[in-house]
Amino acid sequence: LGLAIHGGTGSFLMKDIPSYINSIYKDFFRNIIDVNYDLLIKGEYSLNIVEKVIIEMENSSLFNAGKGSLQNKDKLVSLDASIMDGKRHLYGSIFGVNNIKNPISVAKKILIENEGCYSAEYISKQLLGEFDFVSKKYFSSDKLWLKLLDSNNYLSNKNGTVGCVVLDQKGNLASGTSTGGLVNKLSGRISDSAIIGSGTYANNRTCAISCSGYGESIIRNNLAFYIHSIISNKKVSADKAVKIAFKTISQNLKYNVGLICIDKFGKVIIHQNANSMLYAYKSKHFNFNIFE
Ligand code: ASP
């Protein structure tokens, strides 16, 4: 069993991050991993852990997801999230919402109630009252994570998406991703984070993946599903499949792209072509590891 989380790729260099900020992120990651790893040991279902982890990240305001989300061209937030259950092969996805505290929970609800669909409107029409709704003000509070970018050109650092991949005791894989999307994005743009097979994918036969980075590159290559299909068609390890995928599509990856992957054996792979990626993971065979 095991879990991995990410807080997005970035174009900042880790060495430029002030050490007090580095510690805040590391403590946050360590704590999430410890608490949720224990739950996995107790037998918790992978999909529930993915949701729980991402809720914490969405609420933290440490990332470009949930509370910490950045604004689009019209100075509004527009949140996307998706989740996938590798056992039942079901997914849920919600995009373009601006009044919901935890998009990942809506995505999960869609997975459970509809056995999978994409939804833009679902939330306002059917779920009113079931979720925590928030006002614009909720998203405009101080975003600590933006301080990560102080030393750099703000606009060239567009990332901070969150994601989680899990393998539970019973061998069930699950994956989820949540984002505020690219800063200054077109209104109405939907990111890879909402698209199954691009930013999020899980299949018990192979692996679970959550991506971050420039969404158009990820979508164009259907990156998460591409890796799954390399594993299943070529019968190679997830590690190898990730490398093959990045090599094959390298010309199409003009901008930052990164991902976390856990395979059906609990092996975690972190891969990126960005300057940095925030991540941490722990698995039965590979212990604890965190970004440097
Ligand atoms: N993939 C996200 C998007 O394109 C951004 C990110 O991962 O930072 O909106």
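Me: How do the residues of the shell around the ligand divide into nonpolar, polar and charged?
Reply: In this predicted model, the shell has one nonpolar, nine polar and two charged residues.

Me: Which ones are closest to the ligand?
Reply: Twelve residues surround the ligand, and the closest are Thr161, Arg189, Asp192, Ser212 and Gly213.

Me: What does arginine 189 do there, in terms of distance?
Reply: An N or O atom in the side chain of arginine 189 is 2.7 Å from an oxygen atom of the ligand.

Me: And which backbone atoms come in?
Reply: Glycine 213 has a backbone N or O atom 2.6 Å from a nitrogen atom of the ligand. Glycine 215 has a polar backbone atom 2.9 Å from an oxygen atom of the ligand.

Me: How much of the ligand's accessible area does the protein cover?
Reply: On its own the ligand has 270 Å² of accessible area, and the protein covers 100% of that.

Me: Switching to strand β6. Buried or exposed?
Reply: Strand β6 runs over residues 173–179, and seven of its seven residues are buried.

Me: Which residues sit on which side?
Reply: Leu173, Ser175, Thr177 and Thr179 are on one side, with Ala174, Gly176 and Ser178 on the other. In a regular strand, side chains alternate between the two faces of the sheet.

Me: What does β6 pair with?
Reply: Strand β2 pairs with β6 in the antiparallel sense over six bridges, and methionine 84 has serine 175 as its bridge partner. Strand β5 also pairs with β6 in the antiparallel sense, over six bridges; there, cysteine 164 is partnered with glycine 176.

Me: What about the hairpin of β5 and β6?
Reply: Five residues lie between the strands, and glycine 171 takes a positive phi near 85 degrees.

Technical notes:
Residues numbered from 1 in each chain as written. Predicted model: local features only at pLDDT ≥ 70, side-chain atom pairs only at ≥ 80, totals over all residues. Heavy atoms only, no water. Buried < 20%, exposed > 50% of the residue type's maximum accessible area, 1.4 Å probe, protein only. Helix = DSSP H or I, 4+ residues; strand = E, 2+ residues; numbered from the N terminus. Pairing = 2+ DSSP bridges. Near = heavy atom within 4 Å. Polar contact = N/O pair within 3.5 Å; in protein donor to acceptor, adjacent residues only side chain to side chain. Areas by Shrake-Rupley, 256 points an atom, 1.4 Å probe, with all protein chains shown as cover. Nonpolar A, V, L, I, M, F, W, Y, C, P; charged D, E, K, R; others polar.
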